[in-house]
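Please find below a colleague's note on the structure shown.

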Amino acid sequence: MNKKKLDQLISRAKAVRRDILSMSYRAKSAHSGGAYSVVEILVVLYFDVMRVNPKNAEDPKRDRLIFSKAHDAKALYGVLCERGFFDRKILEKYESDDGILPGHSTRHCVAGVEVSAGALGHGLSMAAGVALAGKLPNKNYRVFAILSDGECDEGSTWEAALFAGHHRLDNLTAVVDYNKLQGYGKTRDVLNLEPFADKWKAFGFAARQVDGHSFEELIPALSSVHDKPTVVIAHTIKGLGGPKRHVNQISSQYKPPTKEEYMELL
């Protein structure tokens, strides 16, 4: 990757993190840690990999993103705004009574949000259905599903994986934001997922593990298409770029930044 492109992606990621910080502070809202950890994944998808057009958000030929970890919607809203899907002023009323951005991303709240989600464990099922529809004649799009590691505790995720593998949905890529923390503890302590990649392979997926904050690793992993569905296990750090006391801590799931933290980080 040339330096100019890398610098542009880094700049986009910083802008999205700035928006996450501002939304968290203004709304005094939770669920920032997982929003910070997924930033690079979203930036790569929307600025390098996915075929989308902000001026024609419902283009039938567009690639689709199913954002299953919808409680981290601040990151999705930030990247959609940065990509030009809606006016920045809308972000300023995130989770406010006179705003249109709910805490969990909801279909049609703004252009670019494909599904309503938030009840974790359903996103991969929706993505598999959309991908299956994409195999119909005259359809040619890719489907990406971003999952939290915590929702991989749920049987519904693995039912969808079994379905996708059986139908060899080569237009489907699951991306797991593997920050190793969930609402009540470390993922390995709540329900150990390892050997994680081997499980996906057993369900018929091509599996690849990457540093989820590395543009150099994310771009080739998310661009690759195989003759079967793909999973990209992105190892990330919860809260990265947010208040230091919350980085890699469960507290980033719940606590907004203080005024002092907000001013320092901004």
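1. A residue is called buried here when its relative accessible area is under 20%. The model is a predicted one. By that cut-off, the buried residues of helix α4 are A73, K74, A75, L76, Y77, G78, V79, L80, C81 and E82. Helix α4 spans residues 73-83, and because 10 of its 11 residues are buried, the helix is largely enclosed by the rest of the structure.

2. The cover over the buried residues of α4 includes α1, α2 (33-37), α3 (39-49) and β1 (64-67). Just after α4, G84 adopts a positive phi of about 100°.

3. The largest nonpolar core comprises 51 residues, of which L42, L45, Y46, L65, L76, Y77 and I146 touch the most other members. Two or more residues of this core come from each of α1, α2, α3, β1, α4, β2 (143-148), α9 (215-223) and β7 (230-235). Leaving aside residues up to four places away in sequence, L42 touches L65, F67, A75, L76, V79 and I146.

4. The aromatic pairs number 8. In one of them, the ring centres of Y25 and Y262 are 4.2 Å apart and the planes lie at 5°, so the pair counts as stacked. The two residues are 237 residues apart, with Y25 in helix α1 (residues 3-27) and Y262 in helix α10 (residues 259-265), and the pair thus links distant parts of the chain. Both Y25 and Y262 are buried.

5. A single aromatic cluster is formed by W158, Y178, F196, W200, F203 and F205.

6. Two contacts between a charge and a ring deserve mention. The charged end of K28 sits over the ring of Y25, at 3.9 Å from the ring centre. The charged end of R83 sits over the ring of F47, at 5.8 Å from the ring centre.

7. How many disulfides does the structure hold? The count is 0. C81 takes part in no disulfide, and the nearest cysteine sulfur, which belongs to C109, is 12 Å away. C81 counts as buried because its relative accessibility is 8%. C152 is likewise buried, at a relative accessible area of 2%.

Key: Residues numbered from 1 in each chain as written. Predicted model: local features only at pLDDT ≥ 70, side-chain atom pairs only at ≥ 80, totals over all residues. Heavy atoms only, no water. Disulfide = S-S within 2.5 Å. Buried < 20%, exposed > 50% of the residue type's maximum accessible area, 1.4 Å probe, protein only. Phe/Tyr/Trp six-rings, centres within 6.5 Å; stacked < 30°, edge-to-face > 60°. Helix = DSSP H or I, 4+ residues; strand = E, 2+ residues; numbered from the N terminus. Lys NZ or Arg CZ within 6 Å of the ring centre and 35° of its normal. Contact = heavy atoms within 4.5 Å. Core = buried A, V, L, I, M, F, W, Y, C linked by side-chain atoms within 4.5 Å.
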